[in-house]
Amino acid sequence: MTGHPIVSKAGFGWILKMAWRDGKASGKRLLLFMASIILGIAAVVSIQSFSQNLKENIASQSKTLMGADYRIDSNQLPTEKVQKIIDSLGPRGREVSFASMAAFPKNGATKLVQIRGIEGGFPLYGEFETIPPTAAVDYKTKNGVLVDATLMLQYKLNLGDSVKVGALTFPIIGSVISAPGSNAISTTVAPPIILPYRFIANTGLLQTGSRYKYNYYFKAAPKFDIAALDKAIDPILDAENADFDSHMSVSQRLGKRYENFAKFLNLVAFIALLLGCVGIASSVHIYIKEKLRGIAILKCLGATRRQTFLIYLIQIAGLGLLGGIIGTLLGVGLQQAFPLILQEFLPFMVEITTAVQPMVIGLLLGLFMSVLFALLPLLSTWYVSPLEVLRVQENSPKEIKRAAIFVLLGIIVFIYFFAFWLLKNSSYAIAFVVGILLTFSILAGVASLFMWLIKKYFPSSWGFTARMSLLNLYRPNNQTMVLILAIGVGSFLISTLYFTKDILLAKATLEANAENPNMILLDVQTNQRDEVTKIISPKGLPIIDNIPIITMRMHSIKGVSVNDMRLDTTLTMNKWILNHEFRVTYRDTMIASEKLASGKFKNDFQHNGAIPISLSDNIARDASVVIGDTLVFNVQGVLMQTTVASIRVVDWGRMQLNFSVVFPEGVLEDAPQFHIISTTAPDEKTSAELQRELVTKFPNVSVIDLRQVITLVQGILDKISWIINFMAFFSILTGIIVLVGSVRTSKYQRIRESVLLRTLGAKSNQILKITALEYLYLGIMGSGIGILLSLISAQLLAWLVFDSPFIPSWVPFGILLPGITIMVLLIGLGNSRSILNSPPLEVLRQEG
Amino acid sequence: MTKILNVRNLGKSYISGSKRLTVLDDITFDVEAGASFSIVGPSGSGKTTLLGLCAGLDKSDTGSVSLCGTVLDSLNEDERALLRNKNIGFVFQDFQLLPTLTALENVSVPLELQGNKDAAQIAKELLQKVGLGERTHHYPSQLSGGEQQRVALARAFSNKPALLFADEPTGNLDEETGEKVIQLLFDLNKEAGTTLVIVTHDLDLAKRTQHILHLKGGKILTNETTTAS
């Protein structure tokens, strides 16, 4: 060659100019690509921002949330050792809390509540928010109680009304709106009643078997090292069945709980974003395909591959960035709504500020994801030959296929890293990527199969319009795959969420049906058992369970005392076993929620040798024991040598009384014990009457009304599913935008066909029918496959995760399928209106 | 005179199904700088393929093409693109204007690629010269076929090419418009002193060039010199 320069003199400025010129003329279509990712980014940014705000709020309000700098708690009266530590640290407040029944003489109602007996200056930080505000202090001196505000509303209680707690009756002197140490969910199940500590003993509620908790609250000097104190005394406290919590650790735990939920919502948002990206890839594919001729012309005129590639890459990147900006702004606005949505799950109001990190993430996501997903179609700009100007080139070069594989790998790697960043767990991230790939592959596979089947078994005998509509599904550059993906993923998400909620509710309600009890009486003392039975039976209600419970602790495991084990730093077993107070029962058979894993369930004891007991599999695992190993229990001062005779797998998820340690009959009958009695009340009225009578006669007995619990569970699930649906809505809306985008993009292709048909004499009505039928097929296929896939995944969830029968609801089939199909149909037809209403030549000229 | 285009033993074939289809076979000819040259032949004779190879739009299987002293076979695609930008102008049967660019922008592109800062001004003058001074900001879809081809002519001459390839330049135009466009092509060519290579099946048009290369079945039938000046 001669000395021709091989560097183009047109610089980056020219590339930008060309990107702008070309983009300007393709404005409307490019805006649709952008719209595909806006909602996904808005969803991700809003959740990210809110999570960050929540985290910061929890951290900044940690002392207020706990009401102290640190606390020592125990499920029993502190031992001498613990009491010495507490005294040496100088507690500023003390609390005992437990669940109990409260009765309201005004209307005769009863309710399971959380009694909080408080003494001293608690809360040391923050305050009880009460009505009237003075009540937060007055209750200490005026011998009254503070009652949860919602509870007062539910039971139509007013200030001055009485509430009976155990043997004592108090006037209500204030309603509690919020209190440090209570969280929203627990107060829904058992709303708090706060009273002065000094009255607790006289209520007579602290009896054998009562599940109470003592908290001692402390304030630290400004530079006091709480973490060092924790490290120094926690092991001692652990050994004495007490615990140390700092305000930081409590806020971390709280943060973690919400973080898990936020992670899940983040994934839902990410799926919406991915869906949008599929839309981008599809729209860019068609867009670039139409540009190839222009690119060939540019190459013919002397533009290099790099220049032509960059023109379109810059266009897409610009749109991605713009989409990122709009999505981020939308997300920042949207997060303002989250505190309202999540209010009932949060122990405080979240102050929303604008966090920088999620905004940066939003912008980068917009830019990076649109470029990444557009790369595949953009590759063709690199490989298009200038010869395209003279004649259409049929075969794409091999290099493009190799490059496409790299791009696809890049996309998978990106999804993995993003999922990993969200979940902070590589296994979950892999599972997510595999799940996404599987769902997309199945949908894509079914779409391909569908097209192949139509082609192979084309119904030639069908009428003109029906045949033409089927032909459209597999014509060159068809949008069948993308539309089925977009519709399918959206339908799959929504119906999976719906089915999962169904499983959870079914699981809860199933347990309450038929012969299963719906009222459980806790803390029935041995001397009260017969009298309680005498109240229940005359009402015609069955005594379904009468379960004795004996509390005990582990004394030694396989001959090694728990005291020695506590000191053994090399011990790998789970140490909670060493300090736990076990609630044990005795019986001669296994129950429905149990399955024998190994050994033999012994139903009696011959009073020779060690007592054969049965352990649940989790206890056996945590204590590192197998069949035949010996365990010695301390049953309220008496040591009992036992041997592991059987190990059971227990379904703890069932609303049923399950036990980790079961003794045979003939051993514990004379030990101090209390009872749990269950019955089933046919209606709410009978249940309320029974509760009233029981609470009046036996104030220490707590009654759990499963019917109420199920209503509560349903309420909580409804709220959670509302939030999930809210997020899934982004996927659906993105799906719609992708759908509109795909339909609009394909419009430019099919417009010529439709116009040609009209020119050849096809009536508007016929073209309308062809279009309607095509979108009808797509709508039914996409939503149908999506719902069927969700049915399979819900079945798997029911089987593998919830271990619960699954009866699919008709709603996804009856409402979702026709709803989505009609929507697809309307979008498709709306798009073709301009073709139908204008003369052929005008349409051709307009569309250029 | 200097040879601006040397074609030696050029051959090109395609695989069609399981068969090899020879489109061009042992083509050899030269084009002198400043001359007008036409390639004629029936459909399928290999005219367009030959033009593609001569302009560096495609690579030959055998033989070589030397354009403005540069052997094309040794250049990669980007080097050929830059060579085209510097030395070649194109006029196509179906105009091949960029649909998203206005007439002015279409004409400016080759100049902008050369880094010419006066691209817009030169393009405007060229559009005036082809009679489209008032339609500079119109998009191709807003112009008639004849107008589009005149924009294409302005674009082809914008980078002052040494060699201009025209592929059936009147193929998509009616007779009257076609004649006007051809007249304009020859006028501009004369004014710029450009070498002109026209691919056509129109013998009357071919006779207006100084040389006619007849192709049939991918082979040269004749290579004659006309009396045209």
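1. Some ground rules come first. Residues are numbered from 1 along each chain as its sequence is written, and chains are lettered from A, with ligands numbered from 1, in the order in which they are written. As the model is predicted, local features need pLDDT of at least 70 and side-chain atom pairs count only at pLDDT 80 or more, while totals for chains, interfaces and linings use all residues.

2. Let us begin with chain A. It has 26 helices and 21 strands; helices (H or I, at least four residues) and strands (E, at least two) are DSSP runs, numbered from the N terminus. Of its 848 residues, 42% are buried. A residue is buried if 20 or more other C-beta atoms lie within 10 Å of its own, exposed if 12 or fewer, and partly exposed in between, with C-beta atoms placed from the backbone.

3. Next, where the chains meet. The contact involves 29 residues of chain A and 34 of chain B; two residues are in contact if their C-beta atoms, placed from the backbone, lie within 7 Å. On the side of chain B that touches chain A, H1, strand S5 (70–71), helix H2 (77–87) and helix H3 (103–113) of chain B each give two or more residues. H2(B) supplies the largest share, nine residues.

4. The largest nonpolar core holds 275 residues, and A:Leu273, A:Leu521 and B:Leu153 touch the most other members. Such a core is a set of buried Ala, Val, Leu, Ile, Met, Phe, Trp, Tyr and Cys residues joined through C-beta atoms within 7 Å. Helix H10 (residues 247–301) of chain A gives this core its largest share, 27 residues.

5. Chain B has an open sheet of six strands in the order S6-S7-S8-S3-S9-S10, with mixed pairing; two strands pair if DSSP finds at least two bridges between them. Strand S6 (88–91) and strand S10 (219–225) of chain B are at the edges with a single partner strand each, so one side of each has no neighbour in the sheet. Strand S3 (residues 36–40) and strand S8 (residues 195–200) of chain B run parallel, joined by five bridges. One of the pairs is B:Val40 with B:Thr200 in S8(B).

6. What does B:Val199 touch? This residue of strand S8 of chain B is in contact with B:Ile39, B:Lys47, B:Thr48, B:Leu51, B:Ala166, B:Asp167 and B:Glu168, not counting residues up to four places away in sequence. B:Val199 counts as buried because it has 28 C-beta neighbours inside 10 Å. Helix H1 (residues 47–54) of chain B is mostly covered, with eight of its eight residues buried.

7. Finally, a few backbone details. Most residues other than glycine have a negative phi, and most peptide bonds are trans. B:Glu168 is not a glycine, yet has a positive phi of about 45 degrees; B:Glu168 is placed in the loop between S7 and helix H6 (175–192) of chain B. B:Cys68, also not a glycine, has a positive phi of about 50 degrees. In chain A, the peptide bond from A:Phe122 to A:Pro123 is cis, with omega near 0 degrees, and the one from A:Ile131 to A:Pro132 is cis, with omega near -10 degrees.
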